[in-house]
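Visitor: I am new to this structure and would like to learn how to read its features one by one. Could you show me the model and then take me through it?

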Amino acid sequence: MKKISAGVAAIIMLANLLVPAVFSAVGEETRNEDSSLKMAETVLEYLNITDSATSNDSTVSRAEFAMLAAKLVGYVDNENTHYAYFADVPSDNRYCGYIAHLADREVISVPENRMFRPEDNITLSQAYKIMFSLAGYGRYIEDICGGFPIGYISMAERLQLNVKAADSEALSYAEVKKI
C-alpha cells in the first residue's frame with residue numbers, strides 16, 4: 001500500500017510539472033485558479049495528506065510543510081523515537097519524524113548550527129527546493145542551475161509552475177497545495 005501511495009504521489013507530482021507546459025503548448029494563457037486549487041485539495045485529501053478543515057488562508061510553517069512533503073512520498077510517522085537532526089526540533093516534537101525523514105533522504109540539509117527554525121513560515125524558494133528534491137531533481141538543480149534559491153526558482157519558471165504567491169516569504173495553504 002505504501003508503494004502504491006508513493007507511486008500515486010509521484011504521478012501527481014509529475015502531472016503538476018507537465019500540466020502547465022501542456023496548457024502553454026496549446027495556447028492556453030491562464031489556468032482557472034479555483035479549479036486548480038480544488039483538484040489539488042481533492043487529491044491531497046484523498047491521500048490523507050491534508051483535510052478540508054485547514055483554512056486555505058493560514059500560513060504554513062517549515063515544520064508543517066515538511067510533514068506535508070513527507071506524507072506526499074508515503075512516509076507514515078509511527079511515533080517511535082526519531083533521531084533529532086536539529087537542536088530546535090527535539091525527538092519528541094510532533095514533526096520530528098517528518099523532518100528527520102527529509103533529512104535522511106537529503107531533501108533538506110543540516111547546517112552547522114543544527115537549527116531548522118520549524119515555526120518560521122515556509123518560503124516559495126524553500127518549498128520549490130523540497131519538492132524538486134523529492135522528485136529527484138535536487139542535485140541537478142544544485143549542480144547545473146545555480147543551486148538554492150535562484151536555481152530552484154528559475155527551474156520553476158522554466159516549467160511554468162507560476163504559483164502566484166501573495167508573499168513569497170510566507171506561503172498560505174492554498175499556495176502550498178498548488179505546488
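This is a predicted model: local features need pLDDT of at least 70, side-chain atom pairs count only at pLDDT 80 or more; totals for chains, interfaces and linings use all residues.

Visitor: How do I read the packing of two helices, and at what angle do the axes of α3 and α4 cross?

Guide: Two packed helices are described by the angle between their axes and the distance between the axes. Helices here are DSSP runs (H or I, at least four residues), numbered from the N terminus, and axes are lines fitted to C-alpha atoms over the stretch in contact, with angles from 0 to 180 degrees between N-to-C directions. The axes of α3, residues 62–72, and α4, residues 96–104, come within 8 Å and cross at roughly 65°. That makes α3 roughly perpendicular to α4, given that angles under 35 degrees count as roughly parallel, over 145 as roughly antiparallel, 65 to 115 as roughly perpendicular and the rest as oblique. The crossing of α3 and α4 is left-handed, a word used if the near helix is turned anticlockwise from the far one by less than a right angle, with right-handed used if clockwise.

Visitor: Which residues of α3 and α4 meet?

Guide: Contact means heavy atoms within 4.5 Å. From α3 come Ala63, Ala66, Met67, Ala69, Ala70 and Lys71, and they meet Tyr98, Ile99, His101 and Leu102 of α4. By class, this contact of α3 with α4 has eight nonpolar, one polar and one charged residues, where Ala, Val, Leu, Ile, Met, Phe, Trp, Tyr, Cys and Pro count as nonpolar, Asp, Glu, Lys and Arg as charged, and the others, Gly among them, as polar.

Visitor: How do α3 and α5 lie, roughly parallel or roughly antiparallel?

Guide: The axes of α3 and α5 come within 11 Å and cross at roughly 20°. That makes α3 roughly parallel to α5, and α3 passes α5 in a right-handed crossing. Here Arg62, Phe65, Ala69 and Leu72 of α3 meet Gln126, Ala127, Ile130, Met131 and Leu134 of α5, a contact with seven nonpolar, one polar and one charged residues.

Visitor: How should I read burial, and how many residues of α4 are buried?

Guide: Buried means under 20% relative accessible area, exposed over 50%, and partly exposed in between, with a 1.4 Å probe and protein chains only. Helix α4 is mostly covered, since eight of its nine residues are buried, among them Cys96, Gly97 and Ala100. What covers the buried residues of α4 includes α3 and α5. In helix α5, which spans residues 124–134, you will find Ser125, and Ser125 is buried as well, with a relative accessible area of 12%. Leaving aside neighbours within four places in sequence, Ser125 is in contact with Phe148, Pro149, Tyr152 and Ile153.

Visitor: Which peptide bond is cis, and where is phi positive in a residue other than glycine?

Guide: Most residues other than glycine have a negative phi, and most peptide bonds are trans. The bond from Phe148 to Pro149 is cis, with omega near -5°, and Pro149 has its place in the loop between α6 and α7. Arg114 has a positive phi, near 55°, and lies in the loop between α4 and α5. Gln160 also has a positive phi, near 55°, and lies in the loop between α7 and α8. Glu106, which follows α4, has a positive phi near 60°.

Methods
Residues are numbered from 1 along each chain as its sequence is written. Side-chain values use heavy atoms; hydrogens and water are left out.
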